[in-house]
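Biologist: Before we look at the charged side chains, could you show me the model?

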Amino acid sequence: MLYIDPLACVDCGACVSACPVGAIAPDNRLESKQLPFAEINASFYPERPADVKLPPTSKLAPVIPAAEVHARRRPLTVAIVGSGPAAMYAADELLTQHGVRVNVFEKLPTPYGLVRTGVAPDHQNTKKVTELFDRVSRHRHFRFYLNVEVGKHLSHAELLAHHHAVLYAVGAPDDRRLDIDGMGLPGTGTATELVAWINGHPDFQYLPVDLSHERVLIIGNGNVALDVARVLTADPDDLARTDISDRALAAFRKSAVREVVIAARRGPADSAFTLPELIGLAGASDVVLDAGDHSLVARDLATAPDTLTRNKLEILNKLGDASIPGSRPRIRLAYRLTPARVLGEQRATGVEFSITGADEVHRIDAGLVLTSIGYRGKLIRDLPFDESASVVPNDGGRVVDPVSGRPVTGTYVAGWIKRGPTGFIGTNKSCSFQTVQGLVADYNAGALTDPVAKPDGLDQLVHARQPDVVDSAGWAAIDAAEIARGIDDGRPRNKFTDIADMLAAAAATAPPAPKRRLLARLLG
Ligand code: NAP
């Protein structure tokens with residue numbers, strides 16, 4: 001028997017789809033004859049000592065039925081802004097509770113945030129978490145309002161008039177910018193923009209990406225840098241079997257890139273990428289180090305502070321030598337390089353670095369210079385903002401007024417806008433759980449104001465402000481059309497990258513709104 005830790009599991013569903021014999025199922029879908037396995041699984045894990053910190057057990061304190069909170073109270077209704085992992089995990093938690101209603105508002109006509117536009121296309125298994133999100137969105141008390149921008153089409157106050165609470169899970173949409181001379185020249189950009197372009201994000205499809213030079217330089221060595229380097233050096237025929245955008249694929253087929261250098265300002269022991277991503281990179285790509293960096297790895301190995309760092313260094317230690325020419329495009333990891341200025345007059349031709357901790361200069365030529373130094377949260381209209389941390393000030397997800405120190409009634413955050421841009425997709429499960437726990441406690445304590453607007457007024461308001469709103473049926477139509485477009489080429493989907501095409505697909509198979517309402521009534 002395979003044992004799954006119920007506390008650490010993030011419900012991504014990857015094991016369910018990967019299991020070759022279909023032996024894994026969510027515990028709430030077990031047939032009665034399978035129920036004993038749930039108990040056997042649970043008993044496999046010993047009692048945890050009290051000081052071991054693990055994600056919560058995901059069992060929310062029950063939402064007290066509306067009538068018990070107050071005789072005329074409306075059932076808990078929550079607006080979630082954003083539709084990425086933090087938003088969908090929050091919706092999932094809320095919908096475990098009887099009678100709770102969730103409306104999700106998303107700026108794009110397509111949901112799931114960075115899972116669609118940030119996860120690298122060669123990581124299709126990671127994207128399978130959308131199967132869980134699709135299941136959540138099919139709940140009868142879940143509604144999508146896609147192609148609707150809060151702050152433009154609807155205000156925070158309007159959302160609060162229709163809901164008990166508004167939970168912002170809008171991520172960190174901006175990039176941290178590197179403040180050195182020459183950034184901004186043609187041939188410079190950010191890795192996160194490139195990832196969005198590769199993934200067919202409609203706002204980035206016309207990004208000027210010049211792959212005519214043989215070297216690309218990436219500054220910063222987090223997981224995003226690894227994603228970009230891996231895709232830039234991948235075989236386009238392999239990428240052609242993914243959901244990469246057609247435009248990016250065409251550019252990669254003509255690419256002259258032979259080497260991607262990932263430059264970190266600190267040493268190997270402080271590499272920002274995670275161990276699993278390094279293992280994946282070393283397995284999929286040709287990764288090399290200069291002789292000097294090999295010596296740095298050996299030096300750091302002797303003093304590795306913990307097992308995880310030691311494991312990383314051992315893998316780095318086994319990488320090939322950059323002096324031996326490779327037969328395919330490769331990735332070179334470089335260390336102790338602090339960026340000083342971008343070289344070039346009309347366009348970038350490389351970067352001048354100072355060697356960290358030494359009085360020396362080092363130059364690397366490149367035709368494309370990308371910074372990959374992290375994401376940045378953005379101010380949300382009508383909410384407080386902590387500029388230095390780029391997050392909304394909060395206490396465990398309850399938005400807090402920084403002046404009074406008191407919670408802002410009915411206003412919550414989850415994901416990167418709450419804790420900053422760190423962690424993997426599953427990290428958002430416990431993060432969203434914490435927020436939802438506070439929200440439900442506030443509702444149960446009678447601290448949330450009942451929505452003043454009539455329940456069916458929301459649809460009318462949204463349609464008046466944004467006639468092109470896309471609902472769950474519209475998204476299902478876009479999804480089906482994209483999957484159909486990919487079938488002949490053996491691709492999981494061929495994405496629309498233009499909003500007009502998405503809206504056309506959403507309208508093509510969806511019955512007109514009045515008929516849809518009638519259908520809903522007929523179907524009960
Ligand atoms: P990150 O992990 O925070 O890495 C940022 C990198 O930029 C670090 O190497 C950092 O160096 C460097 N940096 C920062 N400021 C700099 C400066 N002024 N000059 C030079 N270098 C500078 O950021 P990320 O790669 O954008 O990733 C964001 C989050 O998403 C991370 O938690 C990451 O693990 C996650 N993610 C996960 C996956 C996955 O699980 N597959 C994929 C993508 C992203 P220092 O360390 O020296 O500050």
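Modeller: A salt bridge here is a side-chain nitrogen of Lys or Arg within 4 Å of a carboxyl oxygen of Asp or Glu. This is a predicted model, in which local features need pLDDT of at least 70 and side-chain atom pairs count only at pLDDT 80 or more, while totals for chains, interfaces and linings use all residues. Residues are numbered from 1 along each chain as its sequence is written, and side-chain values use heavy atoms, with hydrogens and water left out.

Biologist: With which residue does Glu387 form a salt bridge?

Modeller: Glu387 sits in the loop between β16 (375-376) and β17 (394-395), and its partner lies in strand β16, eleven residues apart; strands (E, at least two residues) and helices (H or I, at least four) are DSSP runs, numbered from the N terminus. The closest N and O atoms of the pair are 3.4 Å apart, and the partner is Arg376.

Biologist: Is Lys429 buried or exposed?

Modeller: Buried means under 20% relative accessible area, exposed over 50%, and partly exposed in between (1.4 Å probe, protein chains only). Because its relative accessible area is 8%, Lys429 is buried.

Biologist: How many residues apart are Lys429 and Glu93, which meet in a salt bridge?

Modeller: Their side chains meet at 3.8 Å, N to O. Lys429 belongs to helix α17 (residues 427-444) and Glu93 to helix α4 (residues 85-94), so that the pair links distant parts of the chain, and the separation is 336 residues.

Biologist: How many salt bridges does the structure hold?

Modeller: One of them joins the side chains of Arg332 and Glu259 at 3.2 Å, N to O. The structure's total is 27.
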